[in-house]
Amino acid sequence: FQGRPQLPNLYVLAVGVSDYPGDMKLNYAASDAALLTGALRDKSRPVFGTIEVKVVTDRDATRSGILEGLDWLKGKMTAKDVGVFSFSGHGARDPRTGTFYLVPVDVTDDFAKTCVSGDEFKSRLENM
């Protein structure tokens, strides 16, 4: 309709990791991702033109899976859109460097190679 402003689109990337190895397992992180995206999709319809969600959970929530999700979000977003990133899972701080990391399902002792650092996360979001 002419004279009516076009609604922004909503893009949601929700990552949830419950199925960590050993005693790192969590009970509700993966379901958090699904519940959040469902609530945003259901309650936000009147406010957005299009709503697209990407849910990355458990075995898919590897370091590369999270980074691919962030690339998806960046590829979808325009200056007029709204993007939401949610992470439900473990975080960790490297005691030697103080660097914070989002901990994916395929974590090893080498955080720098298997986790997503806060700095890398921020740099991927900077131009969205």
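**Exercise 1. Describe the parallel sheet and the helices that pack on it.**

Step 1. Three strands form an open sheet in the order 2-1-3, and their pairing is parallel. Strands (E, at least two residues) and helices (H or I, at least four) are DSSP runs numbered from the N terminus; two strands pair if DSSP finds at least two bridges between them. Strand 2 and strand 3 (82-88) are the edge strands, each pairing on one side only.

Step 2. The model is predicted: local features need pLDDT of at least 70 and side-chain atom pairs count only at pLDDT 80 or more, whereas totals for chains, interfaces and linings use all residues. Residues are numbered from 1 along each chain as its sequence is written, and side-chain values use heavy atoms, with hydrogens and water left out.

Step 3. Strand 1 and strand 3 run parallel and are joined by seven bridges; Leu13 has Phe85 in strand 3 as its bridge partner. Helix 1 (residues 29-43) packs on the sheet, touching strand 1, strand 2 and strand 3, and its direction makes about 175° with that of strand 2. Helix 2 lies across strand 1, strand 2 and strand 3, at about 175° to strand 1. These angles, from 0 to 180 degrees, are taken between N-to-C directions of lines fitted to C-alpha atoms, for helices over the stretch in contact.

**Exercise 2. Identify the central members of the largest nonpolar core and the elements that supply it.**

Step 1. A nonpolar core is a set of buried Ala, Val, Leu, Ile, Met, Phe, Trp, Tyr and Cys residues joined through side-chain atoms within 4.5 Å. Of the 22 residues in the largest core, those touching the most other members include Leu13, Leu70 and Leu73.

Step 2. Strand 1 (10-16), helix 2 and strand 5 (100-102) each supply at least two residues of this core. The largest share, five residues, comes from helix 2.

Step 3. Apart from neighbours within four places in sequence, Leu73 is in contact (heavy atoms within 4.5 Å) with Tyr11, Leu13, Gly83, Val84 and Met128.

Terms used
Buried means under 20% relative accessible area, exposed over 50%, partly exposed in between (1.4 Å probe, protein chains only).
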